[in-house]
Amino acid sequence: TRSTRPQRMLKAVQKKATKGDPESVISAIDYFCKHSEWAMNVGDEKGSILDSVVTEVNPSTVLELGTYCGYSTVRIARLLSPGTKFITLEFNPANVTIARQIIAYAGLQDKVTVVEGSSGDLIPQMKERFGITTFDFIFLDHWKDRYLPDIKLFEECGLLRKGSVLLADNVICPGAPEYLEYVRNSPRYESRYYPAHLEYTKVEDGLEKSVFLE
Ligand SMILES: O=C(NC/C=C/[C@H]1O[C@@H](n2ccc(=O)cc2)[C@H](O)[C@@H]1O)c1cc([N+](=O)[O-])cc(O)c1O
Ligand SMILES: [Mg+2]
């Protein structure tokens, strides 16, 4: 039967990238998406903004919602200091399998834990299962209608501390209007929009960075 897009993406990485070289894995995926098949990775333009925010925060604990094939996982993991605790959540087991191979190809398998399951189920388990008290940095890039319920879940589970940074992809396209409304109007967050474009296109999109103030 026909291969899947994530499988073809992995093949492109194995063909074009250099084992153990995260930059070449990132470039191979961007090349694949620009010249072969579009895929919903955060991409190079928004990825550079992601890089700058991760570097600025220099987090000790990181959570990513929506591993997909591991593109942003590799972007984040390559910037982290040794000893940083990085967890990424992926609902689709087929994507977990591909992502783990792409992350390993980049040589970053020891920097991040890919956990299979849904954010709604896993976020409340962060403390007991992974010994996390709070997250310094959270990247939201999963189902857009889960952004709002999940930020409220972070609050309820006491997983945010003064200064915790949340960075959300796709707040314009496909869009997360309720999430935007919440973080921009809540007195508990200081929010800022980073304009960019939908990965590999000229369509407007951007990232919303929200700092927890409580
Ligand atoms: O829909 C989008 N993203 C949804 C991502 C979903 C991913 O998150 C996982 N997940 C992990 C944990 C969960 O709890 C739920 C899902 C899913 O299994 C999937 O791997 C999207 C769409 C466009 N687009 O142009 O159409 C562009 C983008 O940049 C996007 O991110
Ligand atoms: Mg996205």
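Which pocket is the space taken by ligand 1? Here are my notes on that and a few other spots.

1. Ground rules. This is a predicted model, where local features need pLDDT of at least 70, side-chain atom pairs count only at pLDDT 80 or more, and totals for chains, interfaces and linings use all residues. Residues are numbered from 1 along each chain as its sequence is written, chains are lettered from A and ligands numbered from 1 in the order in which they are written, and side-chain values use heavy atoms, with hydrogens and water left out.

2. The pocket. Ligand 1 takes up the space of the largest pocket. A pocket here is an open set of points on a 1 Å grid over the protein atoms alone, where a 1.4 Å probe fits, with protein on both sides within 12 Å along at least five of seven lines. A molecule sits in one if more than half of its atoms lie within 2 Å of its grid points.

3. The shell. Around ligand 1 there are 21 residues (a heavy atom within 4 Å counts), and the closest are Glu90, Ser119, Asp141, Asn170 and Glu199. The shell splits into eight nonpolar, eight polar and five charged residues; Asp, Glu, Lys and Arg count as charged, Ala, Val, Leu, Ile, Met, Phe, Trp, Tyr, Cys and Pro as nonpolar, and the others, Gly among them, as polar.

4. The side chain of glutamate 90 has an N or O atom 2.5 Å from an oxygen atom of ligand 1. For asparagine 170, a polar side-chain atom lies 2.6 Å from a ligand 1 oxygen, and for lysine 144 the distance from a side-chain N or O atom to one is 2.9 Å. The protein covers 86% of the 650 Å² of accessible area that ligand 1 has on its own (Shrake-Rupley method, 1.4 Å probe).

5. An exposed one. Histidine 35 belongs to helix 2 (residues 22-35) and counts as exposed because its relative accessibility is 53%. Histidine 35 and serine 60 are 25 residues apart in sequence, and their C-alpha atoms are 36 Å apart in space.

Methods: Helix = DSSP H or I, 4+ residues; strand = E, 2+ residues; numbered from the N terminus. Buried < 20%, exposed > 50% of the residue type's maximum accessible area, 1.4 Å probe, protein only. Polar contact = N/O pair within 3.5 Å; in protein donor to acceptor, adjacent residues only side chain to side chain. 1 Å grid on protein atoms, 1.4 Å probe; cavity = no way out; pocket = protein on both sides within 12 Å on 5 of 7 lines; lining within 4 Å.
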